[in-house]
Amino acid sequence: MSPSLKLSIKPPSSSTTPLSQSAQGLIFVVAMWLLSRIVIIIAMQLLAPMYPGIPAEHPLPVPLSFTPGFVPKPSWDLFTHWDAAWYEQIVTQGYDYADDGEMHNIAFFPLFPILVRSVMALGIPFVIAGFLVNNLALLGAMILLYRWADERHGVNAARWATAVMAWCPFSLFGTVVYTEGLFLLLSTAALRAFEKQQYVRAGLWGALTTATRVTGVALIPTFLLVAWRERRPVTAYVAGLAVGLGLLAYMVYCAIHVGDPLAFVHVQKAWGTASGVNWKGWLNTFLNMFQLRFGAIKEMTKVVMVFGGVYLFWHLRSQLSRVAVIYGFCSLTIIINSGAIMSVNRYVYGIAPASLAFGLLLSRYPRWGYAIMGFFGVVLVGFTVRFSWWRFIA
């Protein structure tokens, strides 16, 4: 054989190729979403019926669709307690309102009922349609959050951020028939689009956000302040103002159909006076943290999530994007000053940058992170069982 002749031996080709980083990320997100949802379903459909609880008692007026002496049994109806019953009334009967100081479903914004109604047009019952819309929207929000975190902070932070969103005890409301999943999806899409200077998308997603929940208005000052601070073009300001179109459309609807463009605001007073606890002050919340009962955990989560969130955004202000920080502060300001103390922890969960910030923090202290995720899982099961028994969670 000639010494100049060289043999080129190629290794046998493999039938499988390594997954791309994007595919690995998607698998991780789906796994976190699916595992956490399975835990909720098991707790609701298996553990709650076996739990030796005492049927809930609610003073007048009783919650919509509540049955005195209720004991949970495995069924789809367990997903429709509390606010879900109001959405079912909207979808099946339409909006109603009267200036009589009573509760009316016009307090709830229209996009979620519209989407649920659209799915029901396929012949799917309300509870399954609402379940699908909320859960798939939460999955979409987690995918967007992962990509957003990965782009700015890397894979490790992205994984922790999506784990926080999946396992936070209040992610329960991303599975029952509530708007948490949809709100997180739309607000995250709006924030990420604005950060990437995709102003048409930011305005569109933002308008849909304010058509889902009134707290979406936090996007308006966020976009305007970021546009001013970073000297962005006029289109950035237009996107910020366009966010209000969803809210404006609902106000126009209220003005035409009930003669009061702010009917959804006025009817909220009925929830405050009827519940007797929605409007209690922060001082009582602090004091209730130290009571030896399960409810003390809920009070503690309110303080930790709200004021801990303020500290966390301030502490990480130089590492998070300006869009995330300002939106976090604007949202928390609205929540703190709303007076609706009873549900603030659920509202904080609906701030996507809060999961991003906490995930970024945990990525630096993984041992603490694993312990916290374990604690989250335990509380998530407890909250789910209590929700199934018609106990108020948030």
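Reader: What makes α5 a mostly covered helix?

Author: The count of buried residues does. This is a predicted model. In it, ten of the 13 residues of α5 are buried, where buried means under 20% relative accessible area. The buried ones are Ala157, Ala158, Trp160, Ala161, Thr162, Ala163, Val164, Met165, Ala166 and Trp167.

Reader: How do you know what span to expect for helix α5, and what is the distance between its end C-alpha atoms?

Author: The expected span is 1.5 Å times one less than the number of residues. For the 13 residues of α5, 155-167, that gives 18 Å. The end C-alpha atoms are 18 Å apart, so the two values agree.

Reader: Is Ser187 buried or exposed, and how do you know?

Author: Its relative accessibility is 0%. The cut-off for buried is under 20%. Ser187 therefore counts as buried. Ser187 lies in helix α6.

Reader: Which residues is Ser187 in contact with, leaving aside its neighbours within four places in sequence?

Author: Thr209, Tyr327 and Gly350. Contact here means heavy atoms within 4.5 Å. Tyr327 and Gly350 are also among the residues that line the largest cavity.

Reader: What is the volume of the largest cavity?

Author: About 50 Å³. The structure holds one cavity of 30 Å³ or more. What makes it a cavity is that a 1.4 Å probe fits but cannot get out.

Reader: Which residues line the largest cavity?

Author: Phe183, Arg213, Thr215, Tyr327, Ser331, Ile335, Tyr347, Gly350 and Ile351. Helix α15 (residues 322-338) gives the largest share, three residues. By class, the lining has five nonpolar, three polar and one charged residues.

Reader: How many nonpolar, polar and charged residues does the lining of the second largest pocket have?

Author: It has 21 nonpolar, four polar and no charged residues. That pocket holds about 720 Å³ of space. Its lining draws two or more residues from each of α14 (295-315), α16, α17 and α18. α14 gives the most, with ten.

Reader: Which residues of the lining lie nearest the centre of the second largest pocket?

Author: Thr301, Val304, Met305, Phe358 and Phe376, out of 25 lining residues.

Reader: How many residues has the largest nonpolar core, and which have the most contacts inside it?

Author: The core has 119 residues. Those with the most contacts inside it are Met165, Phe170, Leu172, Phe173, Phe194, Leu320 and Phe387. The largest share, 14 residues, comes from α4. What makes such a set a core is that its buried nonpolar residues are joined through side-chain atoms within 4.5 Å. In soluble globular proteins, nonpolar side chains tend to be buried together.

Reader: Which residues is Phe194 in contact with, apart from its neighbours within four places in sequence?

Author: Tyr199, Ala202, Phe223, Val226, Ala227, Arg232, Ala236, Ala239 and Val323.

Reader: What makes the phi of Trp82 worth a remark?

Author: Its phi is near 55°, a positive value in a residue other than glycine. Most residues other than glycine have a negative phi. Trp82 is found in the loop between α1 and α2 (83-93). Its relative accessible area is 14%, so Trp82 is buried.

Reader: What makes α2 mostly covered?

Author: Eight of its eleven residues are buried. They are Asp83, Ala84, Ala85, Trp86, Tyr87, Gln89, Ile90 and Val91. Just after α2, Gly94 takes a positive phi of about 90°.

Note on methods:
Residues are numbered from 1 along each chain as its sequence is written. This is a predicted model: local features need pLDDT of at least 70, side-chain atom pairs count only at pLDDT 80 or more; totals for chains, interfaces and linings use all residues. Side-chain values use heavy atoms; hydrogens and water are left out. On a 1 Å grid over the protein atoms alone, a cavity is a set of points where a 1.4 Å probe fits but cannot get out, and a pocket is an open set with protein on both sides within 12 Å along at least five of seven lines; lining residues have an atom within 4 Å of a point. Grid points are joined across faces, edges and corners, and a volume is the space filled by probe spheres set on the points. Helices (H or I, at least four residues) and strands (E, at least two) are DSSP runs, numbered from the N terminus. Ala, Val, Leu, Ile, Met, Phe, Trp, Tyr, Cys and Pro count as nonpolar, Asp, Glu, Lys and Arg as charged, and the others, Gly among them, as polar. Buried means under 20% relative accessible area, exposed over 50%, partly exposed in between (1.4 Å probe, protein chains only).
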